[in-house]
Amino acid sequence: MPESIPVYCLPGFFIFTDKEFLGGLQLGRDIGISLWLPTPAKSHQKKEIKMELAPDKFKLFLPLPVTLITTVDAAGVHNGAPYGCVMPILRPLNLIAIASALPRDTLKNIRETKEFVVNVLGSPDFRKAMSCARSFPADVNEMEMAEMETTPAKTVAPLRMKNALGWIEAVLEQEVTGEDYVLTIGRVKHAEVNDLYWDGEKLLEDPLVMLAPNFRTLGGKFAGREELAEFMPGIINKPS
């Protein structure tokens with residue numbers, strides 16, 4: 001192999017040397033992205049590019065939603081925790097799944113009371129929601145510690161985050177348990193967009209996503225339903 005110099009890069013961001021860190025991770029060893037460039041003195045050498053990731057680092061290019069899951073335990077203590085591993089289960093169904101590590105107060109509360117709220121985040125109160133990730137005793141309400149405004153939910157006991165873009169209220173349907181994770185599947189009882197961020201046709205505030213290592217808004221429209229309907233007839237219908 002030609003003489004080369006190793007650098008490490010994150011697509012769309014910066015190039016790092018092997019002594020620099022990103023979020024406490026040494027990129028070459030922990031994130032596993034490598035880019036080999038020829039040494040400047042030997043321009044005739046062929047450039048070899050490798051963008052292979054460690055298997056658990058696919059989140060570097062797969063965006064995750066940014067939510068706050070709110071729950072309440074059997075004693076009535078409310079809890080809020082940021083979650084990114086949240087997904088609907090097929091568009092026609094009123095099912096939503098969240099993935100949780102073990103152990104978690106959120107998971108314990110859902111098991112006790114069978115209810116939770118997915119608060120979908122935009123920029124309003126984003127930092128307050130993220131501060132709920134700090135470690136608190138189980139009998140402490142993280143949302144109170146963050147000085148976050150809350151409101152009652154419509155169909156379940158856990159509170160809503162007042163300045164969320166929208167709320168998904170759900171009851172426990174079933175669990176899928178692994179060695180070091182639990183998939184909690186909820187049946188949605190109520191879904192609502194926050195009137196503060198809705199003009200009757202569209203959201204006025206973009207939802208946030210996490211594309212490691214940054215949080216981003218969703219950005220502009222790329223393609224509309226009417227465009228996709230042209231080459232996916234029978235699968236996607238044109239708007240009426």
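**Reading pockets, cavities and contacts**

Me: What volume does the second largest pocket have?

Reply: First, the idea. On a 1 Å grid over the protein atoms alone, a pocket is an open set of points with protein on both sides within 12 Å along at least five of seven lines; lining residues have an atom within 4 Å of a point. Points are joined across faces, edges and corners, and the volume is the space filled by probe spheres set on them. Here the second largest pocket holds about 460 Å³. It has 25 lining residues, with Pro65, Thr67, Ile96, Val120 and Ile168 closest to its centre.

This is a predicted model: local features need pLDDT of at least 70, side-chain atom pairs count only at pLDDT 80 or more, and totals for chains, interfaces and linings use all residues. Residues are numbered from 1 along each chain as its sequence is written, and side-chain values use heavy atoms, without hydrogens and water.

Me: Which element gives the most to the lining of the second largest pocket?

Reply: Elements are DSSP runs numbered from the N terminus: helices (H or I, at least four residues) and strands (E, at least two). S15 gives the most, with four residues.

Me: How does that lining divide by class?

Reply: Ala, Val, Leu, Ile, Met, Phe, Trp, Tyr, Cys and Pro count as nonpolar, Asp, Glu, Lys and Arg as charged, and the others, Gly among them, as polar. This lining has 21 nonpolar, three polar and one charged residues.

Me: What about the largest pocket?

Reply: Its space is about 880 Å³. The lining has 31 residues, and Pro82, Tyr83, Gly84, Ala99 and Arg104 lie nearest the centre. By class, 20 are nonpolar, seven polar and four charged.

Me: How many cavities of 30 Å³ or more are found?

Reply: In a cavity, a 1.4 Å probe fits but cannot get out. The search finds one of 30 Å³ or more. The largest cavity has about 40 Å³. H2 (105–113) gives the most to its lining, with three residues.

Me: Which residue lies over the face of Phe58?

Reply: A charge sits over a ring if NZ of Lys or CZ of Arg is within 6 Å of the ring centre and within 35 degrees of the ring normal. Lys59 does so, at 4.3 Å from the centre of the Phe58 ring.
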